[in-house]
Amino acid sequence: MSAPVISLALQLEDAGTAFEPGARLGGVARWTSPIAPRGMELRLIWVLQGKWERDIRIAQTIALPDPQASERRPFFLTLPRAPYSFRGTLLVLEWTLELVALPGEEKASVGLVLAPGRRAIDLVHRDARK
Amino acid sequence: MTSNASASPVPRPLKARSHSSFFARVRRLLRRAAPHARVVAPAEVHLGERLVVDWRLDHGGREVTNVSVTLVGSEVSRRRTSARTGITVVSETHPFLTYELDRCMPDRGARGSQGQGSVVLTAPAVPTLAGKVNEIAWAIVVEAAFQATAIWRNEFPVVVLPVRS
């Protein structure tokens, strides 16, 4: 028997995906499912992708309690001060906000930029002696 | 008024990255003494703030014509491979930013040299970050050379923190 189909969506306030460190992020999580999910949570994740392997870290988990089968749930969270989004020669760091339905771990996600000036730091073109 | 939370850490002697193994110590006993550096600086610095470094290099019987002291930010990417003989870690390092802190040309026959340097860590750069395999690392690097030939190098890790809120 196949698992019930669940539809998930994440929408951020002002449609912005780039933030200053420590900024407040707001948005709306939406889902539609034939039955109420057992749980629903937001996960703020960074991925440090190396040349060969990657590190994944869940920076914050926010539970959305008592989910109904179909819902529109506003949320707010305070972003951490680090690490910054960056792109280098060997490494790239990217942030993602995920809406995760439990127990099946179905997901919707939005890529974020977290850095001073709201732009991922370019280490490749800073490759110089000062 | 400055609160304790925002005060800069007190400068102190930093530990070198390479620690002497037993075999390295034996090798050193059988050869001419290698140079030895002492670096005094805060162990942590925020991006956008000034790092002041005092350094001293004992030439250890070597003729040294150039000493350079730099702050280097590096990307470190690692790969773990498992085999029956154990786990091997291969790493590749790429320096993305080098700030010159100090440079000197010791007198001929000098037994040592010393100096001071400082730099403001211009934001935006990337703070120290340690994943399980990959890393952003910062270190004060002391290098000694005889003419154009590098003869000794050591690194003294420092932690670079995000811009103060």
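Mentor: With a definition. Helices (H or I, at least four residues) and strands (E, at least two) are DSSP runs, numbered from the N terminus. Next, the ground rules. This is a predicted model, so to speak of local features we need pLDDT of at least 70, side-chain atom pairs count only at pLDDT 80 or more, and totals for chains, interfaces and linings use all residues. Residues are numbered from 1 along each chain as its sequence is written, while chains are lettered from A and ligands numbered from 1 in the order in which they are written.

Trainee: OK, chain A. How many helices and strands in its secondary structure?
Mentor: Zero helices and eleven strands. The C-alpha atoms of chain A fill a box of roughly 60 × 30 × 20 Å along the principal axes.

Trainee: What share of chain A is buried?
Mentor: Of its 130 residues, 25% are buried. Buried takes 20 or more other C-beta atoms within 10 Å of the residue's own, exposed takes 12 or fewer, and partly exposed is in between; C-beta atoms are placed from the backbone.

Trainee: Which strands form the open sheet of three in chain A?
Mentor: The order is β1-β3-β6, with antiparallel pairing. β1 (7-12) and β6 of chain A are at the edges with a single partner strand each, so one side of each has no neighbour in the sheet. The twist averages 20 degrees from one strand to the next. Pairing here needs at least two bridges found by DSSP between two strands.

Trainee: Over how many bridges do β3 and β6(A) pair?
Mentor: Nine, in the antiparallel sense, with β3 covering residues 24-32 of chain A. R30(A) has R72(A) in β6(A) as its bridge partner.

Trainee: Is E105(A) buried or exposed?
Mentor: Exposed, because E105(A) has 8 other C-beta atoms within 10 Å. D66(A) has a positive phi too, about 50 degrees, and is not a glycine. D66(A) lies in the loop between β5 (54-63) and β6 of chain A. With 9 C-beta neighbours inside 10 Å, D66(A) counts as exposed.

Trainee: On to chain B. What pattern does it follow along the sequence?
Mentor: β-α-β-β-β-β-β-β-β-β-β. That comes to one helix and ten strands. Of the 165 residues of chain B, 32% count as buried.

Trainee: Which strands form the open sheet of four in chain B?
Mentor: β1-β2-β4-β7 in that order, with antiparallel pairing. β1 (12-13) and β7 (112-120) of chain B are the edge strands, each pairing on one side only. Strand β4 (residues 50-58) of chain B pairs with β7(B) over nine bridges. There, R50(B) stands opposite V120(B) in β7(B).

Trainee: Which residues touch the most other members of the largest nonpolar core?
Mentor: V39(B), V53(B), V126(B), I140(B), V142(B) and V158(B), out of 57 residues. A nonpolar core is a set of buried Ala, Val, Leu, Ile, Met, Phe, Trp, Tyr and Cys residues joined through C-beta atoms within 7 Å. The largest share of this core, eight residues, comes from strand β9 (residues 135-146) of chain B.

Trainee: What is I140(B) in contact with?
Mentor: Leaving aside neighbours within four places in sequence, its contacts include V39(B), V53(B), F156(B) and V158(B). Contact means C-beta atoms, placed from the backbone, within 7 Å.

Trainee: Last topic, the interface. How many residues of chain B are in contact with chain A?
Mentor: 23 residues of chain B, against 26 residues of chain A. β5 (66-83) and β6 (86-104) of chain B each supply at least two residues of the side of chain B that touches chain A. The largest share of that side, seven residues, comes from β6(B).

Notes. Two residues are in contact if their C-beta atoms, placed from the backbone, lie within 7 Å. Axes are lines fitted to C-alpha atoms, for helices over the stretch in contact, and angles run from 0 to 180 degrees between N-to-C directions.
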